[in-house]
Amino acid sequence: MHLTSAPLVAWGNAWLSGHTGLDEAVDSVERIGGPGMIGTVPVPGLPFDSGVPLRTALVRLRGLGLSAFRLALPAEGDPLGLVGPAELNRAALEAREGVLLRLADRQVGLVPSADRRGSSYAGVAWTPYPANDTPPQVPGLAEAEQALRLTLVETAELLEGVDDITAFPTDVRERLARSPGPSLAPGYPPRALRVADQAVRLARIVETADPRSGRGMSAHQAGTRGEALRRLDSAVRRALVAAHAALER
């Protein structure tokens with residue numbers, strides 16, 4: 001699972017909680033996604049309106065009382081981590097990710113998109129949106145971890161009798177065995193690290209499943225397989241959101 005928003009949330013919270021410096025946090029985020037620019041679309045009351053480098057933008061946002069980064073991983077019919085209004089929700093749903101920033105007197109949403117200039121520059125453009133000033137409804141870490149475990153059992157039960165071996169490439173085991181690398185940042189508790197690592201690995205199962213597969217399966221088997229993958233995707237997204245929230249101040 002490649003998410004642009006997750007590193008910003010993890011390293012942003014590590015910076016706000018004093019576990020890393022601003023330079024290390026920004027360098028780590030940009031090492032993963034490329035140079036970041038915030039504010040190519042003006043939002044009233046925010047200190048950037050024509051595109052500001054990520055490092056500069058974070059300093060300015062800190063001056064507005066920035067106190068938390070929150071991860072949003074919505075899917076169709078499941079606005080996980082979002083609070084509205086509709087414009088923010090639509091943009092984040094299209095991107096399948098986003099970030100909520102908790103400021104002193106408001107919340108702001110950031111939605112990433114690819115920023116490509118010419119043939120060599122590849123970065124991230126963060127578009128800001130006004131966000132409703134209400135906490136997102138997301139699970140706690142213990143709840144998300146338990147749900148992930150139960151979903152694994154349910155998924156295994158659902159997939160019994162669905163023998164679509166061609167649904168996955170021949171190198172799937174090799175892919176799943178590869179270490180995903182650190183999924184969080186300094187300061188996160190061990191439980192959050194464990195949950196995030198497991199969620200990233202399981203996300204690969206969902207991503208690796210070939211949506212064009214299903215040859216030789218009955219309609220019932222194909223539906224069962226799709227339902228199992230949807231449940232797993234939902235549990236993975238909740239686990240990642242909960243893990244990234246474990247270092248909020």
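Leucine 100 stands opposite glycine 109 in strand 5, a pairing taken here from a predicted model in which local features need pLDDT of at least 70. Strand 4 and strand 5 pair in the antiparallel sense over four bridges, where two strands pair if DSSP finds at least two bridges between them. A hairpin joins strand 4 to strand 5 through four residues. In general terms, strands of a sheet pair through backbone hydrogen bonds, either parallel or antiparallel.

A word on bookkeeping before going on. Side-chain atom pairs count only at pLDDT 80 or more, while totals for chains, interfaces and linings use all residues; residues are numbered from 1 along each chain as its sequence is written, and side-chain values use heavy atoms, with hydrogens and water left out. Helices (H or I, at least four residues) and strands (E, at least two) are DSSP runs, numbered from the N terminus.

Five of the five residues of strand 4 are buried, so the strand is largely enclosed by the rest of the structure. Gly98, Leu100 and Arg102 point one way, Val99 and Leu101 point the other way, and all are buried.

Zooming out, the chain has eight helices and six strands, laid out along the sequence as α-α-β-β-α-β-α-β-β-β-α-α-α-α. The six strands form an open sheet with mixed pairing, in the order 2-1-6-5-4-3. Its edges are strand 2 (52-53) and strand 3 (68-72), each of which pairs on one side only. Strand 1 (residues 36-38) runs antiparallel to strand 2, and two bridges join them; here methionine 37 stands opposite proline 53. Helix 1 (residues 5-16) packs on the sheet, touching strand 3, strand 4 (98-102), strand 5 (107-117) and strand 6 (121-131). The direction of helix 1 makes about 160 degrees with that of strand 3. Contact, here and below, means heavy atoms within 4.5 Å.

Next come the helix pairs. Two packed helices are described by the angle between their axes and the distance between the axes. The axes are lines fitted to C-alpha atoms, for helices over the stretch in contact, and angles run from 0 to 180 degrees between N-to-C directions. Helix 1 and helix 2 have axes that come within 9 Å and cross at roughly 170 degrees. The two are therefore roughly antiparallel to each other, on a scale where angles under 35 degrees count as roughly parallel, over 145 as roughly antiparallel, 65 to 115 as roughly perpendicular and the rest as oblique. Helix 1 brings Pro7, Leu8, Trp11 and Trp15 to this contact, and helix 2 brings Leu22, Glu24, Ala25, Ser28, Val29 and Ile32. By class, these residues divide into eight nonpolar, one polar and one charged. For the classes, Ala, Val, Leu, Ile, Met, Phe, Trp, Tyr, Cys and Pro count as nonpolar, Asp, Glu, Lys and Arg as charged, and the others, Gly among them, as polar.

Helix 2 (residues 22-33) also meets helix 3 (residues 54-62), with axes that come within 10 Å and cross at roughly 135 degrees. This pair is therefore oblique. Leu22, Asp23, Val26, Asp27, Val29 and Glu30 of helix 2 make the contact with Leu54, Arg55, Leu58 and Val59 of helix 3. The count by class is six nonpolar, no polar and four charged residues.

Some single residues round out the picture. Histidine 244, in helix 8 (residues 219-244), counts as buried at 2% relative accessibility. Leaving aside neighbours within four places in sequence, histidine 244 is in contact with Ala6, Val9, Ala10, Asn13, Leu71, Ser183, Leu184 and Tyr188. Threonine 151, in helix 5, is buried too, at 9%. Glutamine 137, in the loop between strand 6 and helix 5 (141-159), is exposed, with a relative accessible area of 72%.

Conventions: Buried means under 20% relative accessible area, exposed over 50%, partly exposed in between (1.4 Å probe, protein chains only).
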